[in-house]
Amino acid sequence: MSSSNITANWSYPTAVKLGRGRIKELADACKSLGMKKPLLITDRGLASMAITKNALDILEDAGLGRAIFADVDPNPNEKNLDAGVKAFKDGGHDGVIAFGGGSGLDLGKCVAFMAGQTRPVWDFEDIGDWWTRASVEGIAPIVAVPTTAGTGSEVGRASVITNSTTHVKKIIFHPRFLPGVVIADPELTVGMPKIITAGTGMDAFAHCLEAYSSPFYHPMSAGIALEGMRLVKEFLPRAYKEGTDLEARANMMAAAAMGAVAFQKGLGAIHALSHPIGAVYNTHHGMTNAVVMPAVLRFNRAAIEEKIARAAAYLGISGGFDGFYDYVLKLRFELGVPESLSAMGIAPDRIDALSAMAIEDPSAGGNPVPMTLENTKTLFKDCF
């Protein structure tokens with residue numbers, strides 16, 4: 001299939017409209033969910049960009065107004081959330097367009113959800129059945145428009161919100177976080193800087209790798225994870241080298257969505273380590289995943305050797321686990337990923353605190369080798 005005609009309408013896990021130029025369907029997507037006055041939520045960096053202005057033009061031309069909220073940090077927190085909910089209510093809005101990378105998508109989804117709640121956001125953390133505390137009446141509909149290919153938040157039922165006091169990232173969950181319509185237009189990702197293409201692409205790869213490796217039983221997710229890894233292997237180097245390669249960009253958008261669908265099966269130590277590092281040092285999430293990935297593969301080797309050998313065979317990599325491990329090192333080198341946390345500019349002086357945060361992270365439960373405070377400290381040291 002050539003780059004010009006990767007176009008698809010999927011109804012799994014929600015309505016997904018994939019293809020170049022499909023941002024022009026934004027107003028119709030909003031109207032299909034009953035929106036008359038949507039609020040576009042994005043991050044500060046995207047607020048003044050041409051793709052964002054174009055989206056606002058499309059809304060305005062269709063009689064849906066021109067409202068934007070962009071007071072969003074790279075790791076969005078509850079202060080951004082409160083400001084967003086206030087903007088939503090003050091403006092009399094009836095729906096949210098979550099627009100951007102992970103931060104814009106996560107905050108947009110959470111604003112739509114919190115617009116209907118009276119309890120604080122931390123009451124809806126992804127623990128047990130806490131989500132059932134939510135009042136569903138006032139939850140606003142969501143259209144998600146990803147501008148990166150990484151987090152897969154556009155097809156996710158959760159948002160990651162950082163507690164600005166404790167610097168801990170919390171996963172806020174509710175089934176209604178899943179957007180009603182996703183517009184995945186690869187042209188919106190063409191302007192991504194190389195370092196973001198690499199970081200977000202490695203995030204998608206980490207989602208697929210960890211979901212595939214997780215010991216929980218979910219064959220559907222495992223299958224999706226495997227094909228997601230194949231798409232990253234084939235198309236991420238192309239998207240990185242040639243940012244305007246729309247075939248590569250479209251396939252990376254698919255891989256990102258697949259990673260997020262797959263990780264219902266669980267994540268693992270890659271994310272358990274990178275969440276606290278990101279919360280404390282404000283590093284890029286996907287790039288942090290890429291930095292710790294080889295150390296985590298070594299850590300988990302005994303538990304996943306056969307599984308990874310099967311994946312390697314599917315990906316056309318010879319040499320079983322070792323071949324796969326070497327491939328990951330080569331891919332990291334190709335994408336300019338720092339070799340260690342030290343190379344990222346992080347000092348190894350807070351390993352104890354980071355390890356304590358890591359074993360509390362929800363991702364830790366899906367790691368093939370059970371994480372303890374002791375073995376996690378050793379793993380962190382191995383990342384420096």
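Residues are numbered from 1 along each chain as its sequence is written. In this predicted model local features need pLDDT of at least 70, side-chain atom pairs count only at pLDDT 80 or more, and totals for chains, interfaces and linings use all residues.

**Exercise 1.** Describe the lining of the largest cavity.

*Solution.* Start with the term: a cavity is a set of points, on a 1 Å grid over the protein atoms alone, where a 1.4 Å probe fits but cannot get out; lining residues have an atom within 4 Å of a point. Next, the volume, which is the space filled by probe spheres set on the points: about 70 Å³. Then the residues: Leu 209, Asn 300 and Pro 368 are among them. Sort them by class: seven are nonpolar, four polar and one charged. Last, the elements. Helix H10 (285-314) gives the most, with four residues. Helices here are DSSP runs (H or I, at least four residues), and strands are runs of E (at least two).

**Exercise 2.** Which elements and domains line the second largest cavity?

*Solution.* The space is about 50 Å³. The lining includes Trp 10, Glu 154 and Ala 257. Strand S2 (15-18), strand S9 (181-184) and H8 each give two or more residues. H8 has the largest share, three residues. Now the domains, whose bounds come from an automatic or database assignment: domain 1 (15-189) and domain 2 (194-382) each supply at least three residues. By class, the lining holds ten nonpolar residues, no polar and one charged.

Terms used: Side-chain values use heavy atoms; hydrogens and water are left out. On a 1 Å grid over the protein atoms alone, a cavity is a set of points where a 1.4 Å probe fits but cannot get out, and a pocket is an open set with protein on both sides within 12 Å along at least five of seven lines; lining residues have an atom within 4 Å of a point. Ala, Val, Leu, Ile, Met, Phe, Trp, Tyr, Cys and Pro count as nonpolar, Asp, Glu, Lys and Arg as charged, and the others, Gly among them, as polar.
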